[in-house]
Each structure stands twice: as C-alpha cells, then as structure tokens.
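User: Hey, I've just opened this one and I'm new to it. Can you walk me through it?

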Amino acid sequence: MTRRRLRSRLPMAVMAAVALVSTTAVAASPADGEGSAEATIRYTEYGIPHITASDWEGLGLGYGYAAARDNICTLADTYLMVDAQRSRYLGPDGRASPGRDQNTTTNLASDLYFQRINDDRVVERLIDQPAPQGPEPEVKEAVRGYVRGYNRYLAETGVDAITDPACRGAAWVRPITELDVYRHAHAEIIMGSADALLDGEVNAAPPGAQSAASPSGPAAANPSGAEAASPSGSKATASSGPEAASPSGSKAASPSGSKAASSSGSKAASPSGSKAASPSGSKAPASSASSPASSPARTAQRIRDAMAASARASMGSNALAVGSQGVSGGTGMLLANPHFPWQGKNRMWQSQLTIPGKVDVSGAGLLGLPAVNIGHNNDVAWSHTVATVAPFGLFDVQVNPLDPTSYLVDGVWQRMTSQQVTVDVRNPDGSLGKVTRTLWSTRYGPITTSVQGVPLPWTVSAHAVRDVNMDNLRALNTWFHLDQAKDVEDVVGTLETTEGVPFFNTVAADRAGNALYADIQATPNITDEHAQACLTETGRLLFEQTLRLPNVPPVSILDGKRSACDWPDDPNAVAPGLMDPRKQPRLIRSDFVGNANDSAWLANPEQPLSFPRVMGDMAAPRSLRTQELILTAQHRIDGTDGLPGKGFTPETMRQSLFADHSRAADLALDSTATACRNTPFGTVLVDGNLVNVSEACPILAAWKSHAYTSDSQGSWLFANYWSYLLGGQAVEKLPWRVPFDAKDPVHTPNSLDPGSSAVRDALARAVFALRKAGIPLNARLSDVQKVTRGTEQFPMHGSIGELGVLNVITPGQVDGRTDVVFGSSFIQEVRFTADGPPQTSSLLTYSQSADPTSPHYADQTRLFSAGQWVTERFTEEQIAASPQLEVEVLD
C-alpha cells in the first residue's frame with residue numbers, strides 16, 4: 001500500500017490566482033481538529049477512487065482533486081465551453097460539442113448560445129433560489145469543496161506540468177469558480193435540446209436582416225485554416241454504424257450504408273458513391289414526393305428524418321432491474337448499461353463517495369459533477385436510460401408582415417425582445433476581435449429558424465422554443481437524494497419531489513426484491529387534451545407521429561397566437577409548465593422491468609403502461625434492442641437461454657450482456673442466406689454495378705451464433721447488409737411476411753421475405769462496399785472493429801443498436817482513425833441478498849483517464865476487449881484488501 005499525505009505547498013503566484021477566482025476560500029479548515037484530514041482518497045485497482053470525508057465539502061474536495069488528476073484537460077475544455085470562450089482561444093471555426101452528440105456546431109455558435117444564457121444570468125438566478133428550485137445545502141457544500149479540490153490539483157501541478165498533452169501549457173486552463181461548476185451542470189441538463197436547437201437560435205434573424213454575426217475586427221477564422229480539434233484531445237465524427245479501417249488502411253463501409261451526416265442535415269455519401277436523399281441515409285417515401293417543399297407534411301417528415309438520423313448517431317442505454325422472482329441466490333439485481341460518448345464532456349467517471357452515517361454510494365457520474373448518477377448504495381441500485389420525451393416544444397407565432405419582430409397573441413400585437421450578444425474571437429493573425437449578434441425572444445422563449453438543421457423560415461410566422469430544462473438545476477438535488485435512497489419507493493419519492501431528471505428514465509432494484517421502472521422527469525405539461533386543442537398541422541404530424549421512426553420523440557408545435565396554448569401550470573408539479581409527476585408512468589414488479597430507449601409502454605410485456613402522448617408511443621413496434629432485452633430477461637428467468645439454472649446470477653447477468661447476441665440475425669439471417677442462394681447466377685445489378693454475391697451465401701449461413709463476438713465471421717458482412725436494408729427507415733417497414741401485431745409486440749414483425757428485391761439489393765450493396773474497402777467478406781470482427789490506445793490495438797466486441805445487440809458499440813472517426821464514438825460506457829451489475837454487502841462488478845469501457853500518459857488510460861479498455869469485468873470493492877474490508885491500494889490524504 002502506498003500512502004501520501006498532501007499538504008498545501010503552492011507557488012505564491014498560483015495561490016493568488018486561485019484566491020482571486022474562487023468564490024470561497026481555498027485554505028483548508030480541519031474537519032475534526034487541528035491537522036485532521038478533510039478528505040481521504042483510496043485508490044484501488046484500475047485507478048478507482050474511494051473518497052471518504054466527514055462532510056459534504058470534504059467529499060467534494062476529494063472528488064474535485066481526483067477528477068482533475070485523471071481528466072484535467074477534458075474538464076478545462078468543458079469550463080471553456082460554458083464560459084463561452086472557445087472562439088477566443090481556439091478560433092471560431094473549430095467544432096464544439098455542447099449537446100449529446102459530438103462536434104455538432106462551431107465554436108462561435110456554441111459561444112453565442114452559452115453567452116446568451118450567461119448574460120441572462122439563468123444559472124445565477126437558479127443558484128439563488130431555495131430548494132427545490134435551487135441547490136440544497138449539501139449540494140452547495142459539495143460544489144464548494146469540488147472547486148477547492150480542482151483548483152488545488154491545478155495549483156500543485158501547474159499548467160505547464162500537466163501530463164496530458166491536450167492542454168499542457170494552454171492559456172485556457174485556469175482555476176475555476178463555483179459558478180463554472182453550476183454552469184457545467186446546467187449545460188448537461190439542457191443538452192437534450194442543444195443539438196436540435198442551438199444553431200437555429202443563434203442564427204435566427206427577421207426577414208431582410210443578416211443572420212451573420214457582425215465582427216468588430218477582421219473576419220474570424222481558424223489561423224491554420226483547418227478545423228480545430230477539441231482540446232480534450234479528439235475530434236470525433238459520429239456515425240450511425242461502424243466504419244472500420246481495413247488491414248490495408250482503406251476505410252470499410254459503414255453498416256449504416258453511409259458516412260454519417262452531420263446534425264445540420266447535410267447529405268451523406270454512400271459507399272457506392274451516390275448521395276443519400278435524406279439525413280437518414282434513405283430516400284424519402286414516394287408518397288411525399290409530390291408534397292410542396294414547405295408543406296406541413298414535408299416539413300414534419302424532414303424534421304422526423306433529421307431527428308432519427310441524430311438519434312442513430314447519439315447516446316442511448318439499456319437498463320434491466322430484476323426482482324426476487326427472477327434472481328437466483330439473491331433478492332434484487334440491476335444491470336446498468338448506458339451508451340455514452342467515449343470522448344469529451346459526456347464521459348463518465350467512476351468513484352465511491354462516503355460520509356460515514358450519511359452516504360455511501362458507488363458508481364459513475366458525468367465527469368465533473370460531484371455525485372454518482374448511476375450506481376448503488378447498500379440497499380438500492382439504479383440506472384438511467386434516454387427517454388422518449390422531447391425536452392422542448394415549439395410555438396408557431398404569427399408575425400406582422402410590416403414588422404416581423406411583432407407577433408400576435410390573443411388578437412394583440414406584442415413586441416419581441418432583442419438581445420445583443422457579444423463574444424471574443426481569435427482572428428487569423430492571432431489578434432482578438434469581437435462578434436456581436438442580435439438574438440430574438442418571445443413570451444414563450446427564443447426564436448429559432450431551424451430544428452435539427454431543418455429550416456423553419458421566419459416569414460409569415462416564426463417559431464419560438466420553450467425548453468423544459470432551461471430552469472432546471474433540480475437534477476443535482478435529484479442525484480444527491482438518489483445516492484442516499486433506501487428502496488425503490490424512496491427512488492420514486494425523489495423523482496416526484498424534485499422532477500429534476502432531464503430526458504431520462506430511471507430503472508432500479510432494491511434489497512427487498514423490488515424492480516422499478518419510472519419515467520418521472522421534467523416533462524412539458526402537454527396533456528392529450530391540450531395537444532388536441534393547440535397543435536398546428538405540422539405539429540400534429542410530429543406529435544402524433546403519423547410518420548413514425550424509432551426513438552424520435554413526439555415534438556410539439558403549438559399555436560402561439562393563443563396564450564392558452566402555452567404549457568399550463570399544474571399545482572402538483574414542482575415548477576411552472578411541468579406535468580404532474582403522478583401522471584407519469586412507473587411500474588414496480590417482482591420479476592423484471594427494463595428499458596432500451598423505447599417508451600414506457602413495454603417496461604414489462606405482462607403489464608403494458610399507458611401515459612400522456614407527450615411521453616412517447618403506445619401499442620407501436622419496439623426496437624430490436626428492446627425485444628432483445630425483454631427476451632434475454634424472460635429466457636434467463638425461465639432457464640431457456642442455454643445457460644445453467646434459472647434466474648439471474650452475477651455471472652449469468654454478465655454473460656447475457658457480453659453474449660453480443662443480435663436479434664436482427666435471429667429474425668433475418670436465414671432468410672437472407674436463402675435469398676443469397678436463390679439469386680439467379682449469383683449476380684445482382686444495383687446502382688449500376690453488377691455484383692456477384694455468391695461468395696457471401698456460405699459465409700452468412702455459417703454464422704450460427706448470431707453474435708458480435710470478436711472472433712465472429714460473417715457478422716461484419718451482416719451488419720453492413722442490415723444497415724443498407726434499413727436505409728434509415730423503421731424496422732417494421734422491411735419486407736416482413738408477418739407484420740407487427742400490438743398483441744405480440746416482442747415477436748413481431750418476423751419472417752423476412754427472401755424473395756424481396758430489397759433484400760438482394762441490400763446484400764449486393766454490402767458485398768460491393770466491403771470489396772471496395774478491401775475487407776474480406778468473412779473477416780473476423782476483431783480485424784475491422786478495434787480501437788488504438790498508444791501502441792496497442794484492442795478489438796471491440798458488440799455492434800450497433802439497430803442490430804438488436806445490447807452491448808452497443810458504434811464506431812466512427814476520431815482524429816482520423818477508427819474509434820468508438822459512443823456505446824457501452826459505464827457498465828455495472830449489482831446483486832442484493834437478504835443481508836451482507838451488495839455483490840457488484842463494473843467496467844468503465846474507455847477507462848478512468850483521458851490522459852494518454854496515465855496508467856489508467858486504457859487498462860479497463862483492455863479488460864472490455866477481453867470480455868472481463870472489475871470486481872468492485874465496496875466495504876472497508878474489501879478496499880483495505882486491495883493489493884494496489886494507494887492512499888492520498890488531503891489535509
């Protein structure tokens with residue numbers, strides 16, 4: 001065991017800088033008398049910190065210090081973003097990631113967005129409010145300590161001695177304040193809306209006005225003339241499917257059938273060289289071909305397609321809670337499996353946080369938030385999954401044709417509010433200039449002229465945005481309470497009294513053997529009756545999802561001409577405009593509940609749920625990943641999955657996830673192999689290419705496991721084929737002989753038609769793309785799906801969610817090489833027994849540190865590649881027994 005006692009030995013200049021920017025004193029006050037420790041950090045295997053303190057401030061101190069040690073550059077990059085300073089230091093044309101996806105907008109657009117929020121003092125006003133709207137006292141104490149810990153690490157290390165080359169010596173690395181931390185938390189809470197709305201808000205200009213920024217100096221540009229990478233170390237291009245480098249160095253086809261389109265809706269080049277007609281990578285349905293370009297149906301379809309494409313290239317998650325009837329040798333179990341980005345501000349970080357007698361929680365959270373977001377304590381375990389609630393709504397406001405900054409409400413013209421927003425930018429010659437833009441707002445919220453890159457022209461009407469999370473800092477209170485929950489009823493109580501969860505479901509299991517699903521979150525108060533009375537024609541198509549695509553939330557566009565169409569206040573809700581939490585779905589069972597990013601309807605197929613339409617669809621097809629999750633639970637509990645015994649054990653829970661089984665292969669592989677064999681002369685004419693597919697037939701037929709394990713052969717071919725076959729459409733639109741049946745949603749649709757030309761054409765496109773990329777049709781998955789860390793390459797098992805694989809891995813391009821853009825991130829399985837500590841294994845797939853010099857840069861990635869897990873150390877005895885124990889005491 002290594003033990004170090006750390007005292008404040010800081011250079012005078014650095015100490016002065018910390019004192020100037022901190023909102024609280026940095027000097028430590030002994031917790032229990034002179035010389036006592038404020039925080040003790042005990043590191044066990046794989047750099048996992050177990051932080052103990054006597055109060056919340058001490059806990060935050062330890063968390064901030066340890067988090068900065070592992071990820072100082074990623075954190076500093078995040079504070080640069082929320083401070084609206086990216087253009088000043090990195091140039092306005094570099095890429096930023098303010099939302100859920102990677103590199104979705106420019107530094108300039110990001111800065112204008114956050115500067116507007118900062119100028120409006122949104123976060124400051126929330127901090128000043130009493131709980132539940134503002135942070136509770138323990139949250140404030142932990143944040144205060146976090147700032148001290150982060151600044152202490154930075155001061156002791158010095159910017160020039162930071163080991164991570166991504167920010168060593170960078171002028172933008174600085175001490176932080178409590179406001180920086182709250183702004184970061186707020187940015188995470190509103191990220192569900194940022195990607196869809198940010199560009200439209202900062203570029204909105206009335207007819208006849210220029211939407212371009214007005215620079216006060218030379219036109220801002222990146223001095224190098226190239227896009228600036230994120231200072232956190234990577235520039236990631238998300239794709240809706242794998243895009244792996246072949247052994248020869250050429251790029252393989254993406255199983256999405258195309259390189260990913262950006263969220264601005266630009267067209268994507270397909271492997272055949274043709275251009276995709278829509279952001280989803282597929283041609284629009286023929287029925288819309290005659291629709292006018294600006295018709296409600298066409299606008300709704302374009303928004304739907306763009307949001308679907310973004311969802312395929314964005315974070316997701318699975319979670320499964322098993323109750324006493326489904327657990328072998330225990331009472332309750334949880335599998336947490338979020339699919340978060342592997343780069344940037346949405347990385348998770350693992351820790352255990354302990355104040356004796358108050359809290360003892362272990363798990364992971366978004367980096368820089370001093371709490372556990374997904375994890376367990378001694379009695380309850382929980383996870384979150386991305387939900388199907390749209391965290392924003394639009395209002396169509398009629399504008400005065402003679403004065404387009406006036407709009408009509410209840411027969412009276414009202415003036416929009418204009419706001420001058422100014423940010424600093426670095427000019428090509430290195431000098432600093434300023435960019436000023438006039439942004440516009442209504443009583444409902446900011447004006448936007450696009451959603452997910454789809455234009456919403458400001459002409460006879462304009463569109464205003466209301467973001468359900470813009471006034472939400474309550475999520476911090478939510479997570480602090482979840483960390484201290486005693487059972488699933490406690491979890492429900494926390495969700496209802498805070499309504500702070502942003503765009504997430506909650507899945508939990510407790511020691512008593514209860515399994516909970518709850519979609520209780522910050523939800524717009526749009527009842528079905530309110531929607532029917534107020535939706536516009538375009539809004540009705542989007543909200544009712546006449547044009548359905550999976551994982552596209554019901555976006556509302558309400559009539560802004562009537563003030564009664566604003567979200568009404570509910571006396572039972574925590575904040576104005578929110579839905580009564582008692583109207584939101586929840587389910588507690590003793591067998592299982594789960595979610596894989598579909599709506600709440602089928603949390604358990606034996607007890608379908610109903611809920612307001614704003615929260616998602618009902619009696620509609622489920623994704624193949626949802627089907628796989630339900631079937632995995634049912635077969636394990638019944639003992640029909642080929643594994644020994646009945647019911648989940650820790651071992652079988654881990655095996656179930658890392659089986660990497662594909663529901664799509666179950667449903668379609670045999671029919672696809674048949675279609676291949678029945679192809680006349682083994683050739684298909686597609687996209688002007690005559691493709692011989694006969695080589696593919698025995699390869700597909702031999703892939704008996706239907707699994708995306710590293711040694712599988714035929715899986716990469718099938719993944720490419722399946723993405724071409726989907727072409728961006730919903731799975732139920734494929735040529736099935738047995739269509740979807742709401743009475744049997746887990747097993748329908750099924751029986752793919754082997755005689756369909758769509759099947760043969762998709763297979764031919766996949767074969768052509770792989771040959772063009774120089775990848776053998778029978779390539780092992782390990783040959784094409786891998787990541788590089790330093791000098792090592794790690795094969796990645798798992799695959800894209802559209803294949804119905806639970807262990808989602810979505811490859812893409814990061815800094816010009818193939819990497820995982822998002823997918824399985826923090827994985828945890830927890831079993832409770834009647835007594836004794838929880839039995840837990842976990843894995844942080846991308847490892848604890850983004851610093852390539854850290855010993856914990858790739859150690860858990862190596863484990864993940866090999867299908868191994870980390871046995872968690874939770875009790876004092878388990879921690880003390882670690883052969884790699886290292887102790888740091890912060891005096």
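User: Where does Asp483 lie?
Analyst: Asp483 is in the loop between helix 10 (474-482) and helix 11 (488-498). Helices here are DSSP runs of H or I with at least four residues, strands are runs of E with at least two, and both are numbered from the N terminus. This is a predicted model, where local features need pLDDT of at least 70 and side-chain atom pairs count only at pLDDT 80 or more, while totals for chains, interfaces and linings use all residues. Residues are numbered from 1 along each chain as its sequence is written, and side-chain values use heavy atoms, with hydrogens and water left out.

User: OK, is Asp483 buried or exposed?
Analyst: Asp483 counts as buried, because its relative accessibility is 5%. Buried means under 20% relative accessible area, exposed means over 50%, and partly exposed is in between, using a 1.4 Å probe and protein chains only.

User: And which residues is Asp483 in contact with?
Analyst: Setting aside neighbours within four places in sequence, Asp483 contacts Val359, Val361, Ala371, Val372, Asn377 and Trp382. Contact means heavy atoms within 4.5 Å. Also, the C-alpha atoms of Asp483 and Ile374 are 8.9 Å apart in space, though the two residues are 109 apart in sequence.

User: What does Ser383 touch?
Analyst: Ile374 turns up there too: Ser383 touches Ala319, Leu334, Ala336, Asn337, Ile374, Asn505, Thr506 and Val507, not counting residues up to four places away in sequence. Ser383 sits in strand 13 (residues 380-386). Its relative accessible area is 0%, so Ser383 is buried.

User: Let's zoom out. How many helices and strands are in the protein?
Analyst: The protein has 22 helices and 39 strands. Of its 891 residues, 64% count as buried. Among contacts between residues at least 6 apart in sequence, 70% join residues at least 24 apart.

User: New topic, helix packing. At what angle do helix 4 and helix 8 pack?
Analyst: Helix 4 (residues 107-119) and helix 8 pack at about 90°, and their axes are 9 Å apart. Axes are lines fitted to C-alpha atoms, for helices over the stretch in contact, and angles run from 0 to 180 degrees between N-to-C directions. The two helices are therefore roughly perpendicular to each other. That word covers 65 to 115 degrees, with under 35 being roughly parallel, over 145 roughly antiparallel and the rest oblique.

User: Which residues meet there, and of what class?
Analyst: Ala109, Ser110, Leu112, Tyr113 and Arg116 in helix 4 meet Ala194, Leu198, Asp199, Glu201 and Val202 in helix 8. That contact has 6 nonpolar, 1 polar and 3 charged residues. Nonpolar means Ala, Val, Leu, Ile, Met, Phe, Trp, Tyr, Cys and Pro; charged means Asp, Glu, Lys and Arg; the others, Gly among them, are polar.

User: What about helix 14 and helix 16?
Analyst: Helix 14 and helix 16 (residues 663-677) pack at about 110°, with axes 8 Å apart. The contact is made by Leu624, Gln627, Glu628 and Leu631 of helix 14, with Arg663, Ala664 and Leu667 of helix 16.

User: How many cavities are there?
Analyst: A search of the whole structure finds 12 cavities of 30 Å³ or more. On a 1 Å grid over the protein atoms alone, a cavity is a set of points where a 1.4 Å probe fits but cannot get out, and a pocket is an open set with protein on both sides within 12 Å along at least five of seven lines; lining residues have an atom within 4 Å of a point. Points are joined across faces, edges and corners, and a volume is the space filled by probe spheres set on them.

User: What lines the largest cavity?
Analyst: It has 50 lining residues, with Ala308, Ala311, Arg312, Pro550 and Asn551 nearest the centre. The volume of the largest cavity is about 810 Å³. Helix 9 gives the largest share of the lining, 5 residues.

User: And the largest pocket, what volume?
Analyst: About 700 Å³ for the largest pocket. Its lining has 31 residues, and Gly445, Pro446, Asp467, Met470 and Asp471 lie nearest its centre.
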